[in-house]
Amino acid sequence: MKKFLAFMLVLTMTLSLAACAKPAPAAVPETPQEEKGFKDTIVFAPNTDAASLDPHVQNDTTSEQVVKMLYNTLLKFGPNGEITGDLADSWEVSEDQKTWTFKLKEGVKFHNGTEMTAESVKGTYDRAMDPSNGLVVGEIVKMFEKVEVVDKYKVSITTKEPYGAMMALMCNMSLAIMDPAYIEKYGMDLGSNAESINGTGPYKVVSWTRDEELVLESHDDYYGDKALTKKVVYRPIPEAAARVIALETGEVDAIQGVPANEVPRLESIDGLSVYKAKSIGQRLFRFGCNDSIVGNTKVRQALVYAVDRQAIIDSLFPGLSYPSTAPLAPVTWGYANLGEIKQDKEKAKQLLAEAGYPNGFKTKIVTTERYAKGVELAEIIASQLKEVGVEAEIQVMEWSAFLQTIDGITAKEFDAPLFIMGAGPSMMDADGGLRGLYTTTLTGKNDRNYGFYSNKEVDELIDAGMKETDPEKRKELYKRAQEILYLEDPAGIWLFDQLTNLAHSSKLKDVTVSPISTITFEKATIEK
């Protein structure tokens, strides 16, 4: 049976750190790891709690990195960039490139002891494909026509057209395999509490107190390499300064989202380290194209040229980001380097005049503190826009209110001419980074196309890229789509690409830091 090699460049980095601690005093060992001089618990502080641990619902890095500890996908990215089997042992595609057949590993157990079979795959994907569920994942699998059980350990997926990014899609955690019995039992409440989570991953949830503590414990019947640390505890700390203090005092072993100004100091402290790596992550301010003024292409072009990206980076994120050069980050397959857009205030004023606003206009910027320096970013952009005659009021929203504002409402209800956004496709492919986000919404609501962007040529290019199986032809299609989105008919102001960063105790070793910005602990150990 022929296996297909991945055609995208992916980097999965494992962080291995030399220990610098003195030997721990003798103690009665409680676990094999403790006998080797390792603690049985790692405490990690992200900036926020997981929103949902339902693979079909999770749509943020914090949630996804926990989901990766709990669930598995049919395929996964290997350490050298190749796509390898995860729950699938082997796979093949039909001659017409539309039916993919996956042979599953036998004996894989969910956390409750139930065996994972082809019925589990079908039940998971049927739920994703059902439009009545209203799930975001529905856009991701809209090319699926049917999923069929061939036998107990073999399943086939037939797509409506050939799909060039199929193998990358099978690595996406939004398509992690779930227990159909839990899908039926919990419905849309699946993943909302500890009792409703039943994956096949190296860890299982033992308790979850919202916004306080999420405790994972190793899954003894895991089919792969067993986790080396018994427990991983997530303690969300929203305030960056408080996270840093918790790390310095030893309250936690690692923190996510290190403030740029703290990086040099933390790097200088004996016993602490800071790890940085390029990622899929980008920060931008998207346009609400339903707005009567911002819907004008020349206005959007003007706003793009009004912003000084390097000044923003130097002021807020020195050493942790670099100017964007496309609607995709360089580590994403299909990225086309279109160059950094330099601030040009005269060009911005000229474009505004051509659009019919020679004296500028008034508008609104919507932001949230959930994104690092979200308020400060909005303030700097408002200041820069003012220099070309655009007065922007800033509206700061709580995360829950922000989500309700930008997702799942109609153009008539949507009121965010310019709004903060993070971007980066978990499947590390241009299809995941562009389709749905910038293709015309067919539901009348902004389910993934949050700003109601619509461009016929972009729709056609992204659709063609989805169906094309020749990698080089796909790249050309996506390059043209990016040119339109970034320069000609901009969907947003792309500011910078981000480095994933992790500050940690030097006793912590072998944390997995992925280019999709997730931090996981399935191979990690921490010395006493």
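A charge sits over a ring if NZ of Lys or CZ of Arg is within 6 Å of the ring centre and within 35 degrees of the ring normal. The views below all come from a predicted model.

**View 1. Arg370 and Tyr371 both meet Trp399.** The charged end of Arg370 sits over the Trp399 ring, 4.4 Å from the ring centre. Tyr371 pairs with Trp399 too: ring centres are 5.7 Å apart and the planes make 85°, so this one goes down as edge-to-face. The pair links distant parts of the chain, with Tyr371 in the loop between β15 (362–368) and α12 (374–386) and Trp399 in helix α13 (residues 399–406), 28 residues apart. Tyr371 is buried, at a relative accessible area of 14%.

**View 2. Other rings to look at.** Lys278 puts its charged end over the ring of Tyr322, 5.1 Å from the centre. Elsewhere, Phe44, Tyr234 and Phe521 make up one aromatic cluster. The structure's tally of aromatic pairs is 13.

**View 3. Arg435 bridges to Glu139.** Here the two side chains form a salt bridge, 3.7 Å from N to O. Arg435 sits in the loop between α14 (430–434) and α15 (456–467) while Glu139 belongs to helix α4 (residues 137–140), so the bridge ties together parts 296 residues apart in sequence. Arg435 is buried at 4% relative accessibility, whereas Glu139 is partly exposed at 22%.

**View 4. Lys298 reaches Glu354.** This salt bridge comes in at 3.0 Å, N to O. Lys298 is in helix α9 and Glu354 in helix α11 (residues 345–354), 56 residues apart, so to speak two distant parts of the chain linked up. Both ends are partly exposed: Lys298 at 32% and Glu354 at 43%. Back at the Arg435 site, shared partners join Glu139, Lys142, Asp431 and Arg435 into one salt-bridge network.

View 5. Arg300 belongs to helix α9 (residues 297–306) and is buried, at 4% relative accessibility. Beyond its neighbours within four places in sequence, Arg300 is in contact with Phe287, Cys289, Val294, Gly295, Tyr453, Asp489 and Pro490.

**View 6. Ala260 and its partners.** Ala260 lies in the loop between β12 (254–256) and α8 (263–268), and counts as buried at 8% relative accessibility. Setting aside neighbours within four places in sequence, the contacts of Ala260 are Leu316, Phe317, Pro318 and Leu320. Leu303 is 43 residues from Ala260 in sequence and 26 Å away in space, C-alpha to C-alpha.

Conventions: Residues are numbered from 1 along each chain as its sequence is written. This is a predicted model: local features need pLDDT of at least 70, side-chain atom pairs count only at pLDDT 80 or more; totals for chains, interfaces and linings use all residues. Side-chain values use heavy atoms; hydrogens and water are left out. Rings of Phe, Tyr and Trp (its six-membered ring) pair if their centres lie within 6.5 Å; planes under 30 degrees apart count as stacked, over 60 as edge-to-face and the rest as tilted. Helices (H or I, at least four residues) and strands (E, at least two) are DSSP runs, numbered from the N terminus. Buried means under 20% relative accessible area, exposed over 50%, partly exposed in between (1.4 Å probe, protein chains only). Contact means heavy atoms within 4.5 Å. A salt bridge is a side-chain nitrogen of Lys or Arg within 4 Å of a carboxyl oxygen of Asp or Glu.
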